[in-house]
Amino acid sequence: TPAAVLSGVARAARGGVLIKGGAHLENLGTLRAIAFDKTGTVTRGEPAVTDVVAFEGDEAMLLATATAVESRSGHPLALAIVAAAQARGLHWAEAGDVESVTGKGVRAQLDGKTVSIGNLKLFDGVAIPGSVRDTVSRLEAEGKTTMVVQAGDRFLGVLALADTPREGVAEMLARLHRLGIRKTIMLTGDNERVGQAIGQAVGLDEVRASLLPEDKVAAVDELLRREGQVAMIGDGVNDAPALARATVGIAMGGAGTDVALETADVALMADDLSKLPFAVGLSRAARHIIRQNLWLSLGIVALLIPATLTGLAGIGPAVIVHEGSTLVVVFNALRLLGYPERAV
């Protein structure tokens, strides 16, 4: 078993997958369901601003106000807003007292007013004008992520952003199914329409949207009860609790946050999802070789003990056969070092 585990971990590392221990290598081979975060995992995590809809003032004022707050954040959506403002040559003031509201948006102080930017859940308990709701519904129907901007008690407008799936995600999911993964699920904090649009585009089996971090943990718990073993793949701080709860937590190594990388059991070092079927297939091959080695070792012992006790074999030949079987087991485990990246 140690020889097979070490060979499997070494082969994974050569292929760009960091596995933090033998137990996680073996657990990868037992999976029947895999849950994915959306932004930065299934999608590129490089959204771009597609629509700037102003209700008060003009588009430049709306975008500059949003940028003043979002420039204090490292979230992919915030970076996209800053990039859009820079592309238009806009200038903005610096916001203060920035407060992140997990899964909903952000608030900050700007020019003596409280500026709130986020999804509609950020404005629970606030009377939202019908024009704002209608605009949000229209843009989300197009598969876009929306952010409502409010300054004081005035709704300034709505920003829409769109992200695109990573190349090869559909092929990667097909390979996972061929390996025996029954369910592929996307867990996202984005709205239902955006989640379904991305899920259908890449061929995911199930999409659960509008989830807060604690909702993702609850979803992983449900999948564990339903499927027995489940992996969770993500890259952000918000994904860390779900990564910790899953049978195997997998982080996107290059773009992942430090918290996600620390929490995860496995890291895809090149942010390449095509390495996931390789890791799952390698794990299943390792489990198969471990079983072979156990049966071979136990079989040899089961033959040698009665043969030695009954005089059919002397102790010297028995020792030679036993040590020879040990070498066979080691060489069998070393076959994992040649496991191909495109086995399926």
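Me: How do helix 1 and helix 12 run relative to each other, roughly parallel or antiparallel?
Reply: They are roughly antiparallel, a label for angles over 145 degrees, with under 35 being roughly parallel, 65 to 115 roughly perpendicular and the rest oblique. This is a predicted model, where local features need pLDDT of at least 70 and side-chain atom pairs pLDDT 80 or more, while totals for chains, interfaces and linings use all residues. Residues are numbered from 1 along each chain as its sequence is written, and side-chain values use heavy atoms, without hydrogens or water.

Me: At what angle do the axes of helix 1 and helix 12 cross?
Reply: Roughly 165 degrees, and the axes come within 10 Å. Helix 1 is residues 2–14 and helix 12 is residues 275–309. (Helices are DSSP runs of H or I, at least four residues, and strands are E runs of at least two, numbered from the N terminus; axes are fitted to C-alpha atoms, for helices over the stretch in contact, with angles from 0 to 180 degrees between N-to-C directions.)

Me: Which residues of helix 1 and helix 12 meet?
Reply: A4, V5, G8, R11 and A12 from helix 1 touch F278, L282, I289 and I290 from helix 12, contact being heavy atoms within 4.5 Å. That contact has seven nonpolar residues, one polar and one charged. (Ala, Val, Leu, Ile, Met, Phe, Trp, Tyr, Cys and Pro count as nonpolar, Asp, Glu, Lys and Arg as charged, the others, Gly among them, as polar.)

Me: And helix 7, at what angle does its axis cross helix 12?
Reply: Roughly 15 degrees, with the axes of helix 7 (residues 169–178) and helix 12 coming within 9 Å. That makes helix 7 roughly parallel to helix 12.

Me: Which residues are in that contact between helix 7 and helix 12?
Reply: M172, R175 and L176 of helix 7 meet L276, P277, F278 and V280 of helix 12. By class there are six nonpolar, no polar and one charged. F278 also takes part in the contact with helix 1.

Me: New topic: how many cavities are there of 30 Å³ or more?
Reply: Two, in a search of the whole structure. K38, T145, A162, D163 and D190 are the closest to its centre among its 13 lining residues. (On a 1 Å grid over the protein atoms alone, a cavity is a set of points where a 1.4 Å probe fits but cannot get out, and lining residues have an atom within 4 Å of a point; points join across faces, edges and corners, and volume is the space filled by probe spheres set on them.)

Me: Which elements give two or more residues to that lining?
Reply: Helix 3 (38–42), strand 8 and helix 8 (192–202). The lining of the largest cavity has six nonpolar, three polar and four charged residues.

Key: On a 1 Å grid over the protein atoms alone, a cavity is a set of points where a 1.4 Å probe fits but cannot get out, and a pocket is an open set with protein on both sides within 12 Å along at least five of seven lines; lining residues have an atom within 4 Å of a point.
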